[in-house]
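Open the model in your viewer and keep the selection panel at hand.

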Amino acid sequence: MCGIVGYVGDRLSQDILLGGLGRLEYRGYDSAGIAVVDAEGALHHRKRAGKLQVLRDDLQAHPLADGNIGIGHTRWATHGAPNDENAHPHLADGGNLAVIHNGIIENFAELREELLDAGVELLSETDTEVAAQLIGREYARTQDLEQAFRAVVTRLEGAFTLLAVHANQPDVIVGARLNSPLVIGLGEGENFLGSDVAAFVEHTPRAIAVGQAQVVVVRKDSVEITTFDGQPAEGEAFEVDWDASAAEKGGWSSFMAKEIAEDPEAVENTIRGRIAEGTVHLPDLESLSEEYFRDIDRILLIACGTAYYSGLTGAYALEQWSRIPVSVELAHEFRYRDPVIDDRTLVVSLSQSGETMDTLMAVRYVREAGAKTISICNTQGATIPRESDAVVYTYAGPEVAVASTKAFVAQIAAIYLLGLHVAKVRGTLADEAIAEIAEEFQAIPDKLREALEEHERIATLANWMSDTRSVLFLGRHTGYPIALEGALKLKEIAYIHAEGFAAGELKHGPIALIEPGQPVFVLVPSPRHEDGLHAKIVSNIEEIRARGARVLTVAEAGDASVLPYSDEVFAMPPTSKFFEPFLRVVPLQIFALELSTAKGLDVDQPRNLAKSVTVE
Ligand code: F6R
């Protein structure tokens, strides 16, 4: 969950490293540092607790010597508090070696003991410094950074991406990865390294995703990839399909505000070409035969956080359309209970980053158990899609704010694409039914644009509610996971107690929480649907209203039945039942954004969180 960047070329590395760290700051932002090697072969470094700006200010006030090669790091603390000492880079070999690290070295305690017994003085509490000292000791023996890396990486357990530079080899960056991402950016007479392509996309779109358990040796005009034991290896080359401006804030007050406004394009781009001529086209799934889809008897969706809620949301339509039982599991819970899986279970992972360690481990687990896996992912070249049998990319564009928004709607769209594909292959939906769904699907981006028109009214409400200590969310059917997602958004970025409930569960306990003035968002389905859910939820509204709740309703435009019981109504365009969650979530995303803003909090970088959770 830390961000890592490297540069070697003819330009001054410091500016490039700071630029890359700026784009990676979403991965962690409790401290940052850089190391550069100058033309005379001296290593210089600076590291500071706090956000990247603290480091930038420090470097401006006390510039480092210039150099054309360097590494940089932005941290999300695992071992040791976020202070200057624990910030990366960590030095070894008499200050000539600088090492940065993303991940957790699980056997670090025993390695640390070994170093302490050998009389090595450790200056930090981090697992990274242990790796740095081990590499430093090997360097002292071999005088070669690559060899030193090879000797050490096979001793490390857990997850790591390591990058290092050494003063005596001022033309080379050596890196290695295991269970943690590393991507190389290929330039002309210069090369880059990053935790993801955001680190260097402003300089080059040409990238190579480094494979599992590989070592890379990067010079300005060459890139060498080998396995840990020195066999030649290849990474996966790809071209980044978005440019740096997509990851800029533009004129927006925050990345989150910009990304919510991009909900419509996230869905539009995800279905473009895949929903056409009244049907679904998913060449992405060609590697899985039609026979395979006919044979599966169960679909399992695995994910964490917001991606898990997208799974819960998408599961309703997926099961309905495919007539295959669908279950949704939290990746970190699921694999520890010895689940029953076989080759007729299709496992679909959902991950914006494609690097979430809990999800990756669950994917590996089910593949070993014989199941095929499809990755629904928003990040090209990420580990989870590369380790899956097929991938359906979402095209939400880079999501920078820690709180996920546009990726959420894009994930639901991708689950629906999969559902239509399976239904088409298995014949569980008639062509006319698919055509009808396809038509509504294509209308969703415009309806999302309409939903966004409520922004100002929601902002006014949020401003008015800036002292609120607790908010509840109620929904039924697909409204239930949307209630959970609304509550998560609020906890994450506004730091207030929030809970989502299935409205039917209310009378089984949670209604005791209702007291006069308690704000409750209620997600109301259309009265036009013939499932009776609208009447049921109106009864739930009456129940909480009778106990003094302040009722904030998200309902279909023109639904007069909720007016007498609502303090506020946010009107959403009409759509069919399974498409309502796309629209119902929008006001909740905006509410969290605006409440956090009203409280003067950092919307994009909430405390204690990082966007890409690459530790278990
Ligand atoms: C919430 C949020 C997290 C992520 C979760 C999974 O706003 O962003 O809950 O959804 O950590 O991340 P990915 O989708 O990258 O696997």
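How many residues of the shell around the ligand are nonpolar, polar and charged? The shell has four nonpolar, seven polar and two charged residues. Keep in mind that this is a predicted model.

**Stop 1: the ligand.** Select the ligand, which sits in the second largest pocket. Around the ligand are 13 residues, and Ser351, Gln352, Ser353, Thr356 and Glu492 come nearest. The side chain of Ser353 places an N or O atom 2.6 Å from a ligand oxygen. For the side chain of Glu492, the distance from an N or O atom to a ligand oxygen is 2.7 Å. Val402 uses its backbone: an N or O atom there lies 3.1 Å from an oxygen of the ligand. The protein covers 90% of the 400 Å² of accessible area that the ligand has on its own.

**Stop 2: the helices of the shell.** Select H9 (305-322) and H16 (479-494); each helix supplies at least two shell residues. H9 gives the largest share, three residues.

**Stop 3: the largest cavity.** The structure holds two cavities of 30 Å³ or more. The largest has about 110 Å³ of space. Select Arg476, Thr478, Gly479, Pro525 and Glu580, the closest to its centre among 14 lining residues. Helix H18 (residues 580-598) gives the largest share of this lining, three residues. By class, the lining has five nonpolar, four polar and five charged residues.

**Stop 4: the second largest cavity.** Here the space is about 60 Å³. Select its lining, including Cys2, Trp76, His79, His88 and His101. Strand E6 (97-105) and helix H4 (127-142) each give two or more residues to this lining. Its classes are two nonpolar, seven polar and two charged.

Notes: Residues are numbered from 1 along each chain as its sequence is written. This is a predicted model: local features need pLDDT of at least 70, side-chain atom pairs count only at pLDDT 80 or more; totals for chains, interfaces and linings use all residues. Side-chain values use heavy atoms; hydrogens and water are left out. A residue is near a molecule or strand if one of its heavy atoms lies within 4 Å of it. A polar contact is a pair of N or O atoms within 3.5 Å; within protein, one must be able to donate a hydrogen and the other to accept it, and residues adjacent in sequence count only if both atoms are side-chain atoms. Accessible areas come from the Shrake-Rupley method with a 1.4 Å probe; for residues, only the protein chains shown count as cover. On a 1 Å grid over the protein atoms alone, a cavity is a set of points where a 1.4 Å probe fits but cannot get out, and a pocket is an open set with protein on both sides within 12 Å along at least five of seven lines; lining residues have an atom within 4 Å of a point. A molecule sits in a cavity or pocket if more than half of its atoms lie within 2 Å of its grid points. Helices (H or I, at least four residues) and strands (E, at least two) are DSSP runs, numbered from the N terminus. Ala, Val, Leu, Ile, Met, Phe, Trp, Tyr, Cys and Pro count as nonpolar, Asp, Glu, Lys and Arg as charged, and the others, Gly among them, as polar. Grid points are joined across faces, edges and corners, and a volume is the space filled by probe spheres set on the points.
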